[in-house]
Amino acid sequence: MPEQPRDLEAEIEERLLGRRATMGRREISREASVSVQSARKLWHALGFQIVDDEEVMFTEADLGALIRVSDLVRDNDLDEDLALSMARAFARTSDRLAVWQTQLVAEYLTPADQEAEIGEKDARAVPERGVAEAAATQLADLVDQLEPLMVYVWRRHLTSAITRMLEDARDTDHDPSAPLRVVGFADLVSFTTLVRRMTERQLGTLVQRFEELASDVVTTHGGRIIKTVGDEVLFVHAEADAAAAIGLDLVDSMAEDPLLPDVRVGMASGKVISRLGDVFGTTVNRASRLTAVTPPGRVFVDDEVARRLAALSGFSMVEQRPRHLRGIGEVRPFELARSTGARRARPWDHHA
């Protein structure tokens, strides 16, 4: 009798989540002593598709999560809406993290000869079945080692976020609900042209390299990357001099990297509104619009950043002609440069 093909999806699910699904929504709600409506709201907040109440798709791990949320609300006198918002934050971040890590492992396991040259038709944007199976198995093998690391990193970032919140609250000169930040955008030049010339996997490699290098530069100077959108990175910093160093190092580092095109950086300073892990407001819009009019390989800042840097050594600023920024109005930007020659050694220069 021929060997039956293994059900790898079911095997991976069992390894990551424990025993297979045995409960419907009504049963899991009864076991957790919560209403069906509360169970449905949590499942939806966690980013999973709503299913029929009797459909068997919940595992013991799902039951444990539902009980933990119920205990969180009851034992800490926590509002259910806040608990669901917390769950939604975990879900949004975890979804991106899981997809990112899955792609990283699959790309690592893909043979080099499957990559097409520039101008040729794409090799495979999606890994072959064999590569996908190998990546799935390796991730399942690593999960017990990765999980404590994820919790540690979250605790570290939570500590930093709390520290920033307390520092903003101590700044009595400004509204803590809209703290002062320098907001910067780094934008890859001629990205549309690259999209037409490169394969999907080559573009993926380029975007990954851009994000890795940008992350190294921003975090080295104590800044935070808020988000990346393909060819653009949004970062923030509380200090003007460190933000200026980020902008200049981004331009220099991208210019020196053989894989990446030039980058342009625009920065503005002012109040920002922080919600859902993102930043909003006029300052963010001004930085974005300023980046759009910045020439390749240059850094433009608004007058507020220039004012904050004026009393500091190490930077020079040249006033530019006025630019009309869509939705903002007329702005007179300043080109930022270093006023000293040598740069310090940079960790990302030796990036693997």
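**Strand pairing and salt bridges**

Guide: Strands β2 (residues 224–229) and β3 run antiparallel and are joined by 5 bridges. Two strands are taken to pair if DSSP finds at least two bridges between them. Helices (H or I, at least four residues) and strands (E, at least two) are DSSP runs, numbered from the N terminus. This is a predicted model, in which local features need pLDDT of at least 70 and side-chain atom pairs count only at pLDDT 80 or more, while totals for chains, interfaces and linings use all residues. Residues are numbered from 1 along each chain as its sequence is written, and side-chain values use heavy atoms, with hydrogens and water left out.

Visitor: Which residue stands opposite Leu-234 in β3?
Guide: Lys-227 stands opposite Leu-234.

Visitor: How many residues lie between β2 and β3 in the hairpin?
Guide: The hairpin has 2 residues between its strands. In the turn, Gly-230 has a positive phi of about 65°.

Visitor: And how many bridges join β1 to β3?
Guide: Strand β1 (residues 180–188) is joined to β3 by 6 bridges, and these two strands also run antiparallel. Ala-186 stands opposite Val-233 of β3.

Visitor: Is β3 mostly covered or uncovered?
Guide: Strand β3 (residues 232–237) is mostly covered, with 5 of its 6 residues buried. Buried means under 20% relative accessible area, exposed means over 50%, and partly exposed lies in between (1.4 Å probe, protein chains only).

Visitor: Changing topic: how many salt bridges are there in the whole structure?
Guide: A search of the whole structure finds 16. A salt bridge here is a side-chain nitrogen of Lys or Arg within 4 Å of a carboxyl oxygen of Asp or Glu.

Visitor: Which residue does Arg-15 meet in a salt bridge?
Guide: The side chain of Arg-15 meets that of Asp-141, at 2.6 Å from N to O. This pair links distant parts of the chain, 126 residues apart: Arg-15 is in helix α1 (residues 8–17) and Asp-141 in helix α6 (residues 129–170). Arg-15 is partly exposed, with a relative accessible area of 39%, and Asp-141 is partly exposed too, at 45%.

Visitor: What about Lys-41 and Glu-80?
Guide: Their side chains form a salt bridge at 3.1 Å, N to O. Lys-41 is in helix α3 (residues 36–45) and Glu-80 in helix α5 (residues 80–109), so placed that the pair links distant parts of the chain, 39 residues apart. Lys-41 has a relative accessible area of 32% and Glu-80 one of 30%; Lys-41 is partly exposed, as is Glu-80.

Visitor: Are Asp-257 and Arg-209 buried or exposed?
Guide: Both are buried, and the relative accessible area of Asp-257 is 10%. The side chains of Asp-257 and Arg-209 meet in a salt bridge of 2.7 Å, N to O. Asp-257 lies in the loop between α9 (240–256) and β4 (263–271) and Arg-209 in helix α8 (residues 200–220), so the pair ties together parts that are 48 residues apart in sequence.

Visitor: What else does the side chain of Asp-257 reach?
Guide: The side chain of Asp-257 reaches the backbone nitrogen of Leu-259 at 2.9 Å. Leaving aside neighbours within four places in sequence, Asp-257 is in contact (heavy atoms within 4.5 Å) with Arg-209 and Leu-213.

Terms used
A polar contact is a pair of N or O atoms within 3.5 Å; within protein, one must be able to donate a hydrogen and the other to accept it, and residues adjacent in sequence count only if both atoms are side-chain atoms.
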